[in-house]
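Please look through the structure shown below before reading the notes that follow.

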Amino acid sequence: MTWWKCSNCGYVFEAEKPPERCPNCGEACTFYDVTCYTPECGCQGYDPKLVARRPDEESKF
Ligand SMILES: [Zn+2]
């Protein structure tokens, strides 16, 4: 399963694929993959660093 973050409302949820519409705000948003892929991290979920990253920062990369 993958963790997604809604670009519109910041809602974080687990799903196999990003849905067409956000389950929280109901908008057709962009969803960011915020899954933590670091095995030694041990969090078994989303990466707080990725969740904290704002969509406007994303465009700088
Ligand atoms: Zn949303």
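Along the chain, the donors of the zinc ion follow the spacing C-x2-C-x12-C-x2-C. The model is a predicted one, in which local features need pLDDT of at least 70 and side-chain atom pairs count only at pLDDT 80 or more, while totals for chains, interfaces and linings use all residues. Residues are numbered from 1 along each chain as its sequence is written, and side-chain values use heavy atoms, with hydrogens and water left out.

**The zinc site**

- The protein donors of the zinc ion are Cys-6, Cys-9, Cys-22 and Cys-25, each through its SG atom, and they lie 2.3 Å from the ion; donors are N, O and S atoms within 2.8 Å of the metal (3.2 Å for Na, K and Ca), and because water is not among the atoms, sites may look incomplete.
- The four donor atoms subtend angles of 104 to 117° around the zinc ion, which makes the arrangement tetrahedral, a label given to four donors if all angles lie between 85 and 135 degrees.
- For comparison, the ideal angle at a metal is 109.5 degrees for four tetrahedral donors.
- Cys-6 is buried, with a relative accessible area of 1%, whereas Cys-9 is partly exposed at 34%; buried means under 20% relative accessible area, exposed means over 50%, and partly exposed lies in between (1.4 Å probe, protein chains only).

**The chain as a whole**

- The secondary structure of the protein chain comes to two helices and three strands, and from the N terminus on the elements run β-β-β-α-α; helices (H or I, at least four residues) and strands (E, at least two) are DSSP runs, numbered from the N terminus.
- Of the 61 residues of the protein chain, 26% count as buried.
- The protein chain exposes about 4500 Å², of which carbon and sulfur atoms supply 46%, with accessible areas coming from the Shrake-Rupley method with a 1.4 Å probe, where for residues only the protein chains shown count as cover.
- Among contacts between residues at least 6 apart in sequence, 31% join residues at least 24 apart, where contact means heavy atoms within 4.5 Å.

**The nonpolar core**

- The largest nonpolar core has seven residues, namely Trp-4, Cys-6, Phe-13, Ala-15, Cys-22, Cys-29 and Phe-31; such a core is a set of buried Ala, Val, Leu, Ile, Met, Phe, Trp, Tyr and Cys residues joined through side-chain atoms within 4.5 Å.
- The elements that give two or more residues to this core are β1 (2-6) and β2 (12-15).
- In soluble globular proteins, nonpolar side chains tend to be buried together.
- Phe-13 is buried, with a relative accessible area of 8%, and, leaving aside its neighbours within four places in sequence, Phe-13 is in contact with Thr-2, Trp-3, Trp-4, Pro-19, Pro-23 and Phe-31.

**Aromatic pairs**

- A search of the whole structure finds three aromatic pairs; rings of Phe, Tyr and Trp (its six-membered ring) pair if their centres lie within 6.5 Å, and planes under 30 degrees apart count as stacked, over 60 as edge-to-face and the rest as tilted.
- One of them joins Trp-3 and Tyr-46 edge-to-face, at 5.1 Å centre to centre and with 70° between the planes.
- Trp-3 lies in strand β1 and Tyr-46 in the loop between β3 (31-33) and α1 (48-52), so this pair ties together parts that are 43 residues apart in sequence.
- Trp-3 is buried, with a relative accessible area of 18%, while Tyr-46 is partly exposed at 36%.
- Phe-13 and Phe-31 also form an edge-to-face pair, at 5.6 Å centre to centre and with 85° between the planes.
- Phe-13 lies in strand β2 and Phe-31 in strand β3, so the pair ties together parts that are 18 residues apart in sequence.
- Ring pairs link Tyr-11, Phe-13 and Phe-31 into a cluster.

**Individual residues**

- Asn-24, placed in the loop between β2 and β3, counts as partly exposed at 49% relative accessibility, and it touches Cys-9 and Tyr-11, not counting residues up to four places away in sequence.
- Thr-2 lies in strand β1 and counts as buried at 16% relative accessibility.
- Pro-18 lies in the loop between β2 and β3, and, leaving aside its neighbours within four places in sequence, Pro-18 is in contact with Trp-4 and Phe-31.

Definitions and conventions: Four donors count as tetrahedral if all angles lie between 85 and 135 degrees; four count as square planar and six as octahedral if opposite donors are over 155 degrees apart and all others between 65 and 115; anything else is irregular.
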